[in-house]
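Visitor: Could you show me how to read a structure like this one? I would like the general idea and then the case at hand.

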Amino acid sequence: MRHIKTHAAVIGKIVLSFIVVMILMVFAGLIIALMGAASGLDQSELAVSLEGNQLVMYGQLLLFIAVAWAMYAIFERKKGWAFGLKQRRGAQMALQGALSGIVLISLSGVLIWAFGGISWAVSDRDPALSNSLLQGLILFIGVAVSEEIYSRGYIQGLLRYHYGSGFAIIVSSCLFALLHIMNPGILETPLPILNLLMAGVIMALARELTGGLWWPIGLHLTWNYFQGYIYGFNVSGTVPEHSVLITADNGPDWLSGGQFGIEGSLISLVMLVLGTIMVYLLYRKNAQATFSSRARL
């Protein structure tokens with residue numbers, strides 16, 4: 001009976017956190033829609049306004065952060081498990097994660113290009129590109145921080161506390177992939193889901209082995225930013241407005257990634273698997289030393 005109550009409580013907390021975010025997002029969208037209607041926009045104009053509204057987009061990111069932190073503060077703080085933001089050598093870990101993201105996404109893009117899946121052309125340097133690069137950086141900093149705090153900070157931490165690291169890595173990675181289920185093109189082939197699952201695994205494993213969120217935040221930021229705003233791929237189905245390189249899709253989808261972008265490619269899936277192996281080999285000794293010192297304490 002105790003185990004059933006524990007399972008129900010854990011599932012309930014995860015579901016509650018997501019429902020709260022969705023309710024607040026709907027509420028915020030209604031307010032913006034009412035303001036738009038009051039200003040004379042028709043239904044189609046309201047839909048376009050909401051879809052591209054930066055206030056809605058950044059509000060969603062802030063809601064994931066706020067709800068994850070509130071759930072932790074209310075239900076979990078006194079239990080003693082670490083959320084992951086207070087980390088020794090956090091800046092160093094973030095830098096290592098960021099460099100790893102650049103290497104993995106660059107190798108993926110170059111290999112897809114080398115095998116003929118895409119063609120590249122260099123964009124003209126103009127103020128529109130510069131503004132887009134800056135806006136993209138701000139956006140993906142928000143995406144990386146919010147998704148890591150929610151997926152690896154709260155959900156993975158909660159699951160790890162109750163069920164152990166292996167279970168937490170697998171389930172949090174599955175839930176991370178499901179968070180993107182509404183993205184354009186995600187169900188056209190199995191590869192987008194598999195890529196997102198593997199992205200979840202590499203970041204969840206890094207969160208366990210490095211002892212905090214900063215390595216996954218660094219990788220998440222540069223992986224997204226470089227694929228969209230440097231190499232010109234769609235980012236999980238969304239299209240960057242401007243990028244340093246303009247990408248032409250030569251197909252087939254399993255190679256180029258198709259509408260979903262590089263995360264729909266078999267090449268990026270292979271790179272994520274190799275990256276996960278490298279994370280394990282590089283940081284397992286660090287994790288063993290950390291756990292050993294805790295045991296002596």
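**Reading the chain**

Guide: Let's start with K13, which lies in helix α1 (residues 2-38). This is a predicted model, where local features need pLDDT of at least 70, side-chain atom pairs count only at pLDDT 80 or more, and totals for chains, interfaces and linings use all residues. Residues are numbered from 1 along each chain as its sequence is written, and side-chain values use heavy atoms, leaving out hydrogens and water.

Visitor: How many helices and strands does the chain have?

Guide: Helices (H or I, at least four residues) and strands (E, at least two) are DSSP runs, numbered from the N terminus. Here there are 10 helices and two strands, in the order α-α-α-α-β-α-α-α-α-β-α-α from the N terminus on.

Visitor: Why does K13 count as buried?

Guide: Buried means under 20% relative accessible area, exposed over 50%, and partly exposed in between (1.4 Å probe, protein chains only). K13 counts as buried because its relative accessibility is 13%. Across the chain, buried residues make up 45% of the 297 residues.

Visitor: And what is K13 in contact with?

Guide: Contact means heavy atoms within 4.5 Å. Leaving aside neighbours within four places in sequence, K13 is in contact with M71, F75, E76, K79, Y154 and L158.

Visitor: Where is L129, and what does L129 touch?

Guide: L129 sits in helix α5 (residues 127-163). Not counting residues up to four places away in sequence, L129 touches S123, D124, H242, S243 and V244. The C-alpha atoms of L129 and V244 are separated by 7.4 Å, though these residues are 115 apart along the chain.
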